[in-house]
Amino acid sequence: MGEFLNGNNQIIELTPEQQDCVDYLGDRTLFVKGAAGSGKSLVIQYKAKQYIEQYAGDKNNRVLVLTFNKTLANATRQILRKNGDTSGCIAVGNVDSYLLGICRYLGLSKDTMCDREEQRRYVREALALHRKHYGVHPLNNKGIDFWIGEIEWMKDMNITIKDAKSYYSLDRSEHGSLTEMSDNDRQVAFQIFYCYKAVLTLNKKADFIDCALYIIRHRDRVPDKYKYDHLLIDEAQDFSLAQMMAVMMLFRVDMLVALDINQRLYNKHWTTDQLGIKATTKKLTKPMRTTRQIYDLAESLRSNNDEFISKEDDYSEKAVPKGTGPKPEVLAFENDLQEKAFVIGRIKAWLAVDGEMSIGILAATNKKVDDYASWMADAGIPKEIVKSDSNFDIAKPGVKIVTTHSVKGLEFHRVIIPEFVQGLYPFNNKPVDETIDSFMVRERNRAYVAMTRAKYSLVVTYVKKRASQFLVELDENYYDDTVNDEINNNQVNGT
C-alpha cells in the first residue's frame, strides 16, 4: 500500500499493533481499544485507504465510515481525500445524521422531529395524561428534566412501547440514576412512557432517537443505497445501544469498531452481549500523539475515575509515550483581563516562533468559542472556528477554536485551555437524576480529552477565585505553575 498522510500532510507509518488491527481477517467483528492518541482513528482511516485501493474508485456502496460527531467526520473526509479518495468512494458521516437520512428517505419529514422545547411540552402533557388516567403517583409528579432523561435512556436502550418486559428487566446500574425503582415503579414508569408516545403520535412528531428504533424494527425497509459491504465506526463509546444496533443493519460483510471508555462524554452504555455479536478485541497500548509530560498530567486527572470503572470496561492499557517535551503549564491569574492578555500574548509568541504550527484553543461551550474568537479578533490574530457545520481545513496551520465535545479525533501541535474554572470544568448543570459520581466521570473524561489533543505543549489557565475543583486532582509534580514567560510579562501586568 502507498504512503499514508495525516491531516498535516505528514507520512505516517503504523506501529506493529496498529498494523495488526488493519490486517485482521477473522470472521468476528473487530473492536480496537486504546487510550487517547494511541491511533484508533488512524486504524479506521488506514483501513479505509486499503479499501480505496482495493476497490479502485468503485462507489457501489463498498465502505461506510461513521463517527459520533460531525467535526471528526469532516476531518476524516479530508484525510481520506489526501489518501486517494478523490471520487468519494468512501461514504463518511456522523451517526445521527446518517440514521436521520435513512428515516427521511422512508418518509419522515424534517418537520416531524421535535425540538427540545417541544419535547418538554410533550413530556408535560404525557404526565398530565397519566395523572388523568391513573391518578397521582410520586413518579408522575417528578419534574420534566427527570422524565426527559428517563425516556431518552429507555429509547437509547432499545425500548419501545412494545417492550415492557425488556424494560422491567433492564439493569439500571449503568443508568447512573439517583432514583431507585421497585417493580411497581417500573410499571408506572412504562405507563408514562406509553403516554409520551401517545402524545407524540397525536401531534405527528418523533424524537431523533426514534430513528434508530425504527431502523432496528424495519431492517427490510432500509434501501440498498444505505447499506455497505464494510462498516468502520470511530468513537463508538458515545453511541447508544440503539444506535449500535441500528448501524449493524447497514453492513453486509464486516464491521470494525474503535472506542475508548476513558473518552466517553455522554451517558451511553452497551456491551457486545447486548449487541448479540461475537467480537475479537485488539488493544493499542502505545500513545503516539502526545509527550510523556502531557500524558502524565492528563493521566493524573483521569486516574481519579478508575474506582468507578468496571473491569469489563477498563480496557485501555496504560503505557507511557516515548516522546518528550516541555512541562505543561497550569497558570493562575487574578482576573479575566490578565488571563485574556496572557492567552493572546502566548499565542502571538508561539506564532512568532513558527507560523506553520497548529494551535488549538479549546472551549467548554459554544458561547466560549465565540468569546475566544473575539479575543483573537481584538488582537488581530487570524483564527478558524471549528464547528459541526463549518468547513474547516484540517491541514491549515494557525489558530483553531473548537469545543471540548467536538475536538475528539483532532490534534494540534500546541493546545491552550482557557478558563479552567468551576461551572466549565466541571459544568454546573449536572442532570437532576444523575449521581455525582457518574457525572464527574464524564466531566473528567472531557478534560482528559482536551488535554490529550496536544502533541507537544499544553497550557491551562484560570482565574484564582473561580478555580476548577479538578486542579486539586492534577499532580503538581507534572506541571509548571509560574507565569515566567518574558514575552508575555508586559501584557500580564497590563502594560
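What follows covers the fold, the nonpolar cores and a cavity.

This is a predicted model, where local features need pLDDT of at least 70, side-chain atom pairs count only at pLDDT 80 or more, and totals for chains, interfaces and linings use all residues. Residues are numbered from 1 along each chain as its sequence is written, and side-chain values use heavy atoms, with hydrogens and water left out.

The protein has 16 helices and 14 strands; these are DSSP runs, helices being H or I of at least four residues and strands E of at least two, numbered from the N terminus. Its radius of gyration is 24 Å, close to the 23 Å that the globule rule gives for 495 residues, so the protein is as compact as a globular protein of that length. That radius is taken over C-alpha atoms, and the rule is 2.2 Å times the number of residues to the power 0.38.

How much of the protein is buried? Buried residues make up 58% of the 495, where buried means under 20% relative accessible area with a 1.4 Å probe, protein chains only.

Now the cores. A nonpolar core is a set of buried Ala, Val, Leu, Ile, Met, Phe, Trp, Tyr and Cys residues joined through side-chain atoms within 4.5 Å. The largest has 70 residues, and Leu99, Ile102, Trp147, Tyr167, Ile233 and Trp270 touch the most other members. Helix H8 (residues 183-202) gives the largest share of this core, nine residues.

Last, the lining of the largest cavity includes Asp96, Leu99 and Phe208. A cavity is a set of points on a 1 Å grid over the protein atoms alone where a 1.4 Å probe fits but cannot get out, and lining residues have an atom within 4 Å of a point.

Key
On a 1 Å grid over the protein atoms alone, a cavity is a set of points where a 1.4 Å probe fits but cannot get out, and a pocket is an open set with protein on both sides within 12 Å along at least five of seven lines; lining residues have an atom within 4 Å of a point. Buried means under 20% relative accessible area, exposed over 50%, partly exposed in between (1.4 Å probe, protein chains only).
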